Amino acid sequence: MSITQLIGKGLLAGSIVVAASEIAKRSALFGALVVSLPLTSILAMMALYQDTRDAELVADFAESIVWLVIPSLALFVVLPVLLR
């Protein structure tokens, strides 16, 4: 992977985070919608496939995302309660 591709990926990911936080300043619901979209996962899977051309690796990555989303949901249930 070239440094240009690496910088491009970083700028894209950073742009998504900045957009979500700016939208959330006006509407928490719409900011949460931007973050909740599987956009980042899809972009990561596309980049992984482009870099490796290994569909099995992408499938393993997608399955791992599923298993890690489940415990992270506990954070989003508990955090608002603790902050209030």
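Predicted model: local features only at pLDDT ≥ 70, side-chain atom pairs only at ≥ 80, totals over all residues.
Residues are numbered from 1 along each chain as its sequence is written, and side-chain values use heavy atoms, with hydrogens and water left out.

**Whole chain**

Start with the cartoon view. The protein has 4 helices and 0 strands, in the order α-α-α-α along the sequence. Helices (H or I, at least four residues) and strands (E, at least two) are DSSP runs, numbered from the N terminus.

Now show the C-alpha trace, which spans about 45 × 30 × 15 Å along its principal axes. The radius of gyration of the protein is 15 Å, whereas a compact globule of 84 residues would have one near 12 Å. That radius is taken over C-alpha atoms, and the globule rule is 2.2 Å times the number of residues to the power 0.38.

Switch to the surface. The accessible surface comes to about 6,800 Å², and carbon and sulfur atoms account for 74% of it. Accessible areas come from the Shrake-Rupley method with a 1.4 Å probe; for residues, only the protein chains shown count as cover. Of the 84 residues, 6% are buried.

Select residues 55-83, which make up helix α4 and include Leu79. Then select Val69, Leu73, Leu75, Phe76, Leu79 and Leu83: together they form a nonpolar surface patch with about 600 Å² of accessible area. Patches are made of residues with over 30% relative accessible area and no salt bridge; like charges are joined within 9 Å, nonpolar side chains (Val, Leu, Ile, Met, Phe, Trp, Tyr) within 5 Å.

Select residues 39-52, helix α3. Its 14 residues should span 20 Å at 1.5 Å a residue, and its end C-alpha atoms are 20 Å apart, in agreement. The expected span is 1.5 Å times one less than the number of residues. Just after α3, Arg53 has a positive phi of about 55°.

Within helix α3, pick Leu48. Leu48 is partly exposed, at 22% relative accessible area. Beyond its neighbours within four places in sequence, Leu48 is in contact with Arg53, Leu57, Val58 and Phe61, contact meaning heavy atoms within 4.5 Å. For a distance across the model, take Leu48 and Leu12: they are 36 residues apart in sequence and 15 Å apart in space, C-alpha to C-alpha.

**Salt bridges**

The structure holds 2 salt bridges, each a side-chain nitrogen of Lys or Arg within 4 Å of a carboxyl oxygen of Asp or Glu.

Select Lys9 and Asp51, whose side chains meet in a salt bridge at 2.9 Å, N to O. This pair links distant parts of the chain, with Lys9 in helix α1 (residues 3-26) and Asp51 in helix α3, 42 residues apart. Lys9 is partly exposed at 29% relative accessible area, and Asp51 is partly exposed at 39%.

Next select Glu22 and Lys25, which form a salt bridge with their closest N and O atoms 2.9 Å apart. Both lie in helix α1, 3 residues apart, about one turn of the helix. Glu22 is partly exposed, with a relative accessible area of 38%, whereas Lys25 counts as exposed at 64% relative accessibility.

Note on methods. Buried < 20%, exposed > 50% of the residue type's maximum accessible area, 1.4 Å probe, protein only.
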